[in-house]
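Subject: Structure handover and notes

Hello,

The sequence and structure are below, and my notes on them follow.

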Amino acid sequence: MTRCKTRPPPPCAIPNPPPPCPPVALPPRPPTTNPPVTSPPVARPPVTGPPSANPPGARPPVTNPPAANPPGSANPPGSRPPTTSPPSSNLPLVLRECNIKVWIVDVHSWVTLSQQFQNPSSSVATHVTYTFSMLAGAAIYGFQIVRQDGTKVDGVVKQKDDAQKEMDIAVSEGLTAALGQEVTKDVFSIGIGNVAGNETITINLSYMSPLIDDEDRNQLRFTLPRSYMERYGRRPAGVTNSRLNHENVPFTMDVLIQQRGTIRSVSSPSGYNFTFGLGRPPNISPSPGISDSNIATATIRRSATSSARARDVMLIITADRLDNPRAFIETHPSPNHTTAAIGLTLVPHFGNSNYCPEMEYIVLVDRSGSMRGVKMEMTRQALIVLLQGLPSRGSFFNIFSYGTKATSLWPRSRAYDQATVNEARRHLDSMQADYGGTEIPNALDAVFASLPSRLTRPVSIFLLTDGGVWGSLLIQCVTKIESTIASKSSDKSFLRVYTIGIGDGVSTETCDRIARAGGGTSTYIVSDNEQYIGKCTRLVRAARTPPIVDIEVTWVTPKANASHDATGQVISLFDPEVPYDDEECGGVGPLAPILQAPHPVPSFYRSTRTQVYAIVPDSIAVTKEVKITGRIPVTGASVALTIPVQRFSPFAPFPASPGGIGTGTAFMHTLAAKALIQDREDWEDSGSVPEGKTSVSSLKEDITRLGIDYKLTSRYTSLIAVDRRNRD
């Protein structure tokens with residue numbers, strides 16, 4: 001029996017919780033008259049020039065391409081490619097069309113993005129590089145060039161420096177080539193070399209990504225980023241001054257959805273042309289165990305003449321039993337891998353001492369210039385919901401605002417009552433986006449300075465932002481949060497950080513990474529057409545959940561019952577009898593035989609989805625169930641849940657894509673490997689690894705091995721495709 005164990009965070013002393021109380025009333029708010037603002041175009045890169053060209057604290061302006069360039073062009077005249085690449089002919093490629101195939105199975109998506117470019121000139125476009133947004137955590141595994149004559153060139157994963165050298169050599173020799181690489185976890189870069197005059201070329205990119213919970217416990221959200229918000233701080237070396245403008249580019253997204261429960265509805269609040277149908281489409285053959293009620297299709301389109309601005313594409317799926325715990329096992333289809341991958345998903349739902357009797361809540365609001373207009377109104381509405389969701393007894397709160405400076409409503413948090421809520425409401429009404437840049441590290445310093453050196457009660461911080469920060473500033477945020485949690489927490493208190501991403505183009509890397517460092521969770525409010533109550537209530541519910549520690553996941557069939565602590569009480573992590581409404585709230589050496597991610601498993605939160613993956617030797621692939629155990633220190637109770645393991649057997653609805661559907665790609669292995677890479681990149685950023693794991697010095701080797709073995713991009717691996725037919 002092999003178990004992976006968490007490191008316990010400090011517990012919270014929770015006596016019997018007080019009886020429910022009526023919430024403090026918030027005065028009604030008049031309807032907003034703020035006009036909507038135009039979001040920046042998709043894949044908008046940072047501006048040209050060194051960071052020092054912008055005034056300190058100011059969000060850098062965006063320079064639009066010359067009007068003479070066709071919409072969708074990359075590398076406008078006068079731009080300069082990266083210094084590591086051959087000189088560019090400065091000829092733009094025009095993005096003519098975009099087609100997306102999406103296959104949603106349970107709580108995961110499988111996407112192939114096809115972007116069709118044209119060289120409108122009669123001269124060869126020597127080298128063009130562009131960047132665009134991705135969701136942080138997306139497992140990018142497939143890459144392909146399709147030439148105008150129909151020739152397809154599949155990309156391969158190589159160590160990043162080797163891939164860059166191969167690209168440089170190919171371009172210098174006149175070969176058509178493409179290089180795909182991660183700039184950050186949510187910004188991807190593609191370089192294209194030697195596109196013939198008047199040629200049309202298609203770049204196919206395939207990736208997998210988990211879905212996130214939406215407003216209701218039986219709703220999931222799929223997001224396709226089409227906006228690119230500017231980041232604050234020094235740009236990474238891989239970000240060029242190229243531009244990919246989707247503003248007037250037509251696209252079609254075809255979606256096939258497969259769920260275990262009955263699909264009730266599919267919707268899209270993004271404002272694009274949208275159609276959907278329930279039931280199996282005629283071109284899909286019946287599949288054993290899958291009824292027509294478990295299948296749905298959807299199509300989202302944007303025409304070239306559409307006046308709608310480019311914004312992120314969202315799809316909301318409502319289906320039965322999405323919150324039920326389940327686990328799937330998959331045997332790797334390749335004979336080169338003798339492993340099985342297991343993925344489990346769980347939305348904890350349990351009672352008994354879920355709340356701390358006294359807690360401090362601090363809201364940290366981004367008031368930088370990019371928050372003007374509808375985003376600031378969305379932020380106000382989200383803050384109102386958060387305030388309404390706080391327990392009326394034992395709550396203390398404060399509101400901080402930040403940009404290039406940080407201010408607070410009060411020097412210290414105050415008790416939650418009608419008078420303080422009214423004052424906070426007046427403060428929200430007066431908020432404007434007039435604080436300059438996005439200096440999150442300094443804002444965190446201000447919040448942490450308001451807390452005592454050793455916490456006397458639990459503290460939850462909610463960070464709301466529309467943008468993000470580049471790598472070095474993000475690492476500063478992570479370091480500050482982790483060190484503060486270590487120094488200020490005590491046995492009877494804990495500190496956690498949660499994030500809410502606001503608007504199109506928000507950096508999912510910034511929000512997700514800060515939440516992981518803070519032991520919290522992240523959620524997103526992208527459109528002013530969507531609902532906020534469920535998302536914000538889920539965050540408050542998570543904040544009120546005391547730590548669950550010593551979490552173990554047993555990936556093989558247990559031979560004996562797990563022992564419990566002295567109380568003998570065991571709480572099921574999924575109890576359908578517990579009410580859903582809150583009682584008080586509104587190529588390298590081998591690794592270990594069993595690889596689990598995340599490791600350690602973070603604390604479970606009520607109503608917040610947790611996903612855990614493992615890659616196990618094929619010799620124990622006969623696993624029939626996965627068992628999860630943990631402990632609530634403040635009560636001495638244990639938590640436990642046993643989940644039966646099912647064989648992963650989706651059907652293949654779309655034609656084969658590069659390294660994708662129909663070509664033997666291991667779905668669950670790919671997701672597990674990406675989770676393992678994310679763990680190791682986080683450990684590398686923090687400079688420490690969990691006990692019993694690899695050393696910090698070998699993390700780069702582990703990440704590279706996982707990337708190459710499972711054909712995934714990472715900070716150390718890239719995708720390279722070279723058409724060698726036109727070699728002299």
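Helices (H or I, at least four residues) and strands (E, at least two) are DSSP runs, numbered from the N terminus. This is a predicted model, in which local features need pLDDT of at least 70, side-chain atom pairs count only at pLDDT 80 or more, and totals for chains, interfaces and linings use all residues. Residues are numbered from 1 along each chain as its sequence is written, and side-chain values use heavy atoms, with hydrogens and water left out.

Backbone points

Asp106, in the loop between β3 (93–105) and β4 (108–118), has a positive phi near 60° although the residue is not glycine.

Helix pairs

Axes are lines fitted to C-alpha atoms, for helices over the stretch in contact, and angles run from 0 to 180 degrees between N-to-C directions. The axes of α8 (residues 667–686) and α9 (residues 699–709) come within 10 Å and cross at roughly 160°. The two helices, α8 and α9, are therefore roughly antiparallel (angles under 35 degrees count as roughly parallel, over 145 as roughly antiparallel, 65 to 115 as roughly perpendicular and the rest as oblique). Contact (heavy atoms within 4.5 Å) is made by Leu676, Ile677, Arg680, Glu681, Trp683 and Glu684 of α8 with Leu699, Lys700, Asp702, Ile703, Leu706 and Gly707 of α9. These residues divide into six nonpolar, one polar and five charged (Ala, Val, Leu, Ile, Met, Phe, Trp, Tyr, Cys and Pro count as nonpolar, Asp, Glu, Lys and Arg as charged, and the others, Gly among them, as polar).

For α2 (residues 374–389) and α7 (residues 533–544), the axes come within 9 Å and cross at roughly 45°, so α2 and α7 are oblique to each other. In α2, Ala382, Val385, Leu386 and Gly389 meet Ile533, Cys536 and Val540 of α7. That contact has six nonpolar residues, one polar and no charged.

Cavity lining

β9 (176–184) and β10 (187–195) each supply at least two residues of the lining of the second largest cavity. This lining divides into six nonpolar, two polar and four charged residues. 

Regards
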